[in-house]
Amino acid sequence: MTAEMTAYVIEEYGDPDVFAETTLEVPDPEPNEIRVEVAASSLNPVDYKIRQGALPDFAPDLPATLHCDVSGVVDAVGDNVDRFEAGDEVYGMPGGAGRQGSLADYVVGHAGTFAHAPDSIPLEESAALPVVALTAWELLADKTSVDIDDEVLVYGGSGGVGHIAVQLARWFGADVTATGSSEEKRDLAERLGADATVDYTETDIETYVAEHASGGGFDTVVDPIGDEHLETAFEAVRPYGTVVTTESSAAQELDLGPMHANSLELGVVLVILPVLLGDRQDRIGEELADIAALVDDGAVEPHIDERFAFDDVAEAHRRGENGDFLGKLLLVNE
């Protein structure tokens with residue numbers, strides 16, 4: 001008899017109410033894969049953009065099980081896997097973009113897209129980390145290098161990627177300034193290690209650059225938001241500095257004149273690319289192992305604003321699209 005599981009799928013693109021609870025066969029791992037009994041997932045913008053139909057090139061085949069982030073317990077391993085065994089607590093980014101994701105009782109994925117979960121936080125909470133922590137890590141450690149006493153500006157310092165970027169930049173020894181549109185957001189960024197915060201809705205760029213940066217601007221500007229923020233980043237960075245971003249659509253429309261005029265570097269991160277390509281997936285697990293060590297050392301922690309059950313996924317997506325939250329929204333497989 002074939003084992004079955006509960007999953008939350010979309011059969012078409014649309015608003016949050018397109019999610020439907022269904023029963024699927026429990027997938028078997030391929031030789032290089034593991035199967036994980038899912039404890040939790042979390043919500044990222046890529047998840048609701050795929051659900052909307054805004055990212056068709058990233059979407060799994062319909063009907064689709066969404067969500068990239070996962071934490072859980074290894075249930076079975078493929079023939080070629082020796083890094084994990086049944087019973088291991090893991091977290092990872094195995095699917096949700098390009099292949100079936102984690103809004104189900106079980107998920108399978110390439111073993112390279114997982115790492116052992118941090119020991120110092122509950123297993124469920126580690127599901128809040130993969131996409132945002134990998135993105136922040138690649139922005140700050142891959143696309144640039146941050147040194148002690150560098151001046152780093154993080155846009156959206158209380159957001160998903162931003163609140164991890166603040167902590168990583170602080171761990172690298174930087175002098176961190178974070179932006180936030182409300183006192184609550186700025187307070188969180190300060191608690192997580194920002195040396196200064198800026199209300200960008202009330203303060204113009206020239207003013208906060210003059211107050212918090214030397215040498216004509218910040219050494220590095222971290223932009224996980226895009227839109228007009230990417231344009232202002234080139235005003236806030238110093239000559240020969242670096243702007244790093246997650247927003248390829250904003251970068252495509254960018255006037256590169258300021259980059260040339262100030263000899264700037266621009267780094268763009270698409271953290272799910274190894275899953276989409278089915279290539280270089282081991283880099284995900286290697287970076288997640290480093291991130292788990294930072295969590296256990298007390299350098300990084302996820303801030304979870306609200307928890308939802310899997311059967312409340314539509315409500316979680318509505319809140320995510322509204323944007324009125326701090327850090328991450330967690331979904332727990334109850």
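Let me begin with strand β3 (residues 33-42), which is joined to β7 by 5 bridges, the two running antiparallel. Helices (H or I, at least four residues) and strands (E, at least two) are DSSP runs, numbered from the N terminus, and two strands pair if DSSP finds at least two bridges between them. What I present is a predicted model, in which local features need pLDDT of at least 70 and side-chain atom pairs count only at pLDDT 80 or more, while totals for chains, interfaces and linings use all residues. Residues are numbered from 1 along each chain as its sequence is written, and side-chain values use heavy atoms, with hydrogens and water left out.

Within this pairing, Arg 35 has Val 108 of β7 as its bridge partner. Strand β7 (residues 106-110) has 4 of its 5 residues buried, so the rest of the structure largely encloses it. Buried here means under 20% relative accessible area, exposed over 50%, and partly exposed in between, with a 1.4 Å probe and protein chains only.

Elsewhere, 3 strands form an open antiparallel sheet in the order β2-β1-β4. Its edge strands, β2 (19-25) and β4 (64-65), each pair on one side only. Strand β1 (residues 4-10) is joined to β4 by 2 bridges, and Val 9 stands opposite Thr 65 of β4.

Why does Gly 72 count as buried? Its relative accessibility is 0%, and therefore it falls in the buried class. Gly 72 touches Val 36, Glu 37, Ala 39, Asp 88, Glu 89, Val 90 and Leu 123, leaving aside residues up to four places away in sequence; contact means heavy atoms within 4.5 Å. Between the C-alpha atoms of Gly 72 and Gly 92, which are 20 residues apart along the chain, the separation is 9.1 Å.

Now the interior. In soluble globular proteins, nonpolar side chains tend to be buried together. The largest nonpolar core in this model has 81 residues, and Met 93 and Leu 168 have the most contacts inside it. Such a core is a set of buried Ala, Val, Leu, Ile, Met, Phe, Trp, Tyr and Cys residues joined through side-chain atoms within 4.5 Å. Helix α3 gives the most to this core, with 8 residues. A second, separate core of 18 residues includes Leu 153, Val 209, Phe 218 and Val 221.

Helix α3 is itself mostly covered, with 11 of its 13 residues buried, among them Trp 137 and Glu 138. Met 93 touches Pro 130, Val 131 and Leu 134, and its contacts also include Ile 284 and Leu 288.

Those last two residues, Ile 284 and Leu 288, are among the buried residues of α11. Helix α11 (residues 282-296) has 15 residues and reaches 21 Å from first C-alpha to last, close to the 21 Å expected at 1.5 Å a residue; the expected span is 1.5 Å times one less than the number of residues. Its buried residues pack against β6 (89-92), β8 (114-116), α3 (130-142), α4 (160-171) and α10 (273-277). After α11 comes Gly 298, with a positive phi near 85 degrees.

Finally, the axes of helix α1 (residues 45-52) and helix α12 (residues 313-322) come within 10 Å and cross at roughly 110 degrees. Asp 47, Tyr 48, Arg 51 and Gln 52 of α1 meet His 317, Gly 320 and Glu 321 of α12.

Methods. Axes fitted to C-alpha atoms, helices over the stretch in contact; angles between N-to-C directions.
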